Amino acid sequence: MGAYKGTRQRLELSEVDVKFLSFLEQQRMLTYNQLFQTATRLFGFEVLEYSFKNRLRKFEEYKLIRSEYYRDGFFDGNHFKFASIGTKGIDLLIEHNMLDKSYNKKKIYKFNNKKNLIHFLATQQAALNIIFKLNRRTIEPFKEKSKSFDIQYGLNLFSQSPSTMPYEEWIPDYKNLHTQNKGAYHTKIAKYMTNNATIGPSGKTMTIVKPDWVVRLKPEQRKEIFINIELDTGSEPIQTLVEKAFNYSILAENNPSKLHFMCIIILDNTFANSSRFTNGKKRTINLIKSI
C-alpha cells in the first residue's frame, strides 16, 4: 500500500502506518512528541526520534498529515509542532474502510483551530498516559469467581472524543427536574441541565455532563468502563468541578450497567512551560477538601 504525490512519486506505507494515521484522526490533533510516544509505545515503531520526524515530514509532503508550529513567548515560552490528519490521509483511511465514504473532509480544518490549544493537547497527553498504562496489562479479578483479563488497545481499550458519544438523557415534559433530583447540589445541576436542554415535541434531551475526553475499557462479560477526563487548568472555580462531580454521579446512577469514573487531571508546569502553571499541589489539596 502507498500514497501518491502527482502521478509518479509514491510513498510506501505499512499496515501499522495506516493504523497510526487512523489514531491521529481519532485524537484530532497531537504534538510531534505525542506522535512519537504513540508510535513507539502503542504501535511498536522501532525508530529514533530524529528518523521519526523525517518520516512525518514525508507524510506531510504527501498530504497525509498537516502540521503547524506553536510559539508562546520568545525565550521561556512553549515552542512545538503539532499535527492533524491531512486530506490524502482521509482518502487513505476511507480506502481501507477505516472511515466512512461520507466523511466530511472540511471538518479536518477545525481540528487545529482549537480556542485553547494547550488545554486540548494537555488533555490528549492525559488520555495517552492512561492508554499507555493500561495497554498490554492483565487486570486481576476483584472477586474470586471472576477471571483476569488482558487489555489491548483496539481490542477492548479505546479512546474517544466526547462528541462521538454524548451523555444525554431524555426527560418527558410531565417530569419536574427539581423534584426528580435530590439535594441542594442536585437542584443546581438540574437548573444547569435545563439551561443546556434541547426541546423536543414532548420533552427535553439534556446533556448531563460533557468530559474533555473519554478512555473506554470493554472487557468481556463485565461492565463497560468509562474513564472521563476532566482537565483543570486552575482558571475555573473549584465549585464548578465539584458540581461536575455530582453530574457524573447522576450519569452513573442512570446507567448502572456501566462504570463511570471522573478522572480530574490538574495541569501543571511539567506539560506547559509557562508562569501561569504551578506544580498543582495547592490546587489538588483545595479540590480534595471541596469534594
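Two strands are taken to pair if DSSP finds at least two bridges between them. All views below show a predicted model.

**View 1. The open sheet of four strands, β8-β12-β13-β14.** In this predicted model, 4 strands form an open sheet in the order β8-β12-β13-β14, with mixed pairing. β8 (157-160) and β14 (258-266) are the edge strands, each pairing on one side only. From one strand to the next, the twist averages 20°.

**View 2. Pairing of β8 with β12.** Strand β12 comprises residues 213-217 and runs antiparallel to β8, to which 4 bridges join it. Ser159 stands opposite Val215 of β12, and Phe158 has Arg216 in β12 as its bridge partner.

View 3. Strand β13 (residues 224-232) pairs with β12 in the antiparallel sense over 5 bridges.

**View 4. Burial of β12.** In a regular strand the side chains alternate between the two faces of the sheet. Both faces of β12 are covered: Trp213, Val215 and Leu217 are buried on one side, and Val214 and Arg216 are buried on the other. Because 5 of the 5 residues of β12 are buried, the strand is largely enclosed by the rest of the structure.

**View 5. Packing of helices α2 and α3.** Two packed helices are described by the angle between their axes and the distance between the axes. Helix α2 (residues 32-41) packs against helix α3 (residues 49-61) at an angle of about 110°, and their axes lie 11 Å apart. The two helices are therefore roughly perpendicular. On α2 the contact is made by Tyr32, Asn33, Leu35, Phe36 and Ala39, and on α3 by Glu49, Phe52, Lys53, Leu56 and Glu60. By class, the residues of this contact divide into 6 nonpolar, 1 polar and 3 charged.

**View 6. Crossing of helices α9 and α10.** The axes of helix α9 (residues 238-254) and helix α10 (residues 281-290) come within 10 Å and cross at roughly 50°; the two helices are therefore oblique to each other. Their crossing is right-handed. Ile238, Leu241 and Val242 of α9 make the contact with Arg283, Asn286, Leu287 and Ser290 of α10. The contact of α9 with α10 has 4 nonpolar, 2 polar and 1 charged residues.

Note on methods:
Residues numbered from 1 in each chain as written. Predicted model: local features only at pLDDT ≥ 70, side-chain atom pairs only at ≥ 80, totals over all residues. Heavy atoms only, no water. Axes fitted to C-alpha atoms, helices over the stretch in contact; angles between N-to-C directions. Parallel < 35°, antiparallel > 145°, perpendicular 65-115°, else oblique. Left-handed = near helix turned anticlockwise from the far one by under 90°. Contact = heavy atoms within 4.5 Å. Nonpolar A, V, L, I, M, F, W, Y, C, P; charged D, E, K, R; others polar. Buried < 20%, exposed > 50% of the residue type's maximum accessible area, 1.4 Å probe, protein only.
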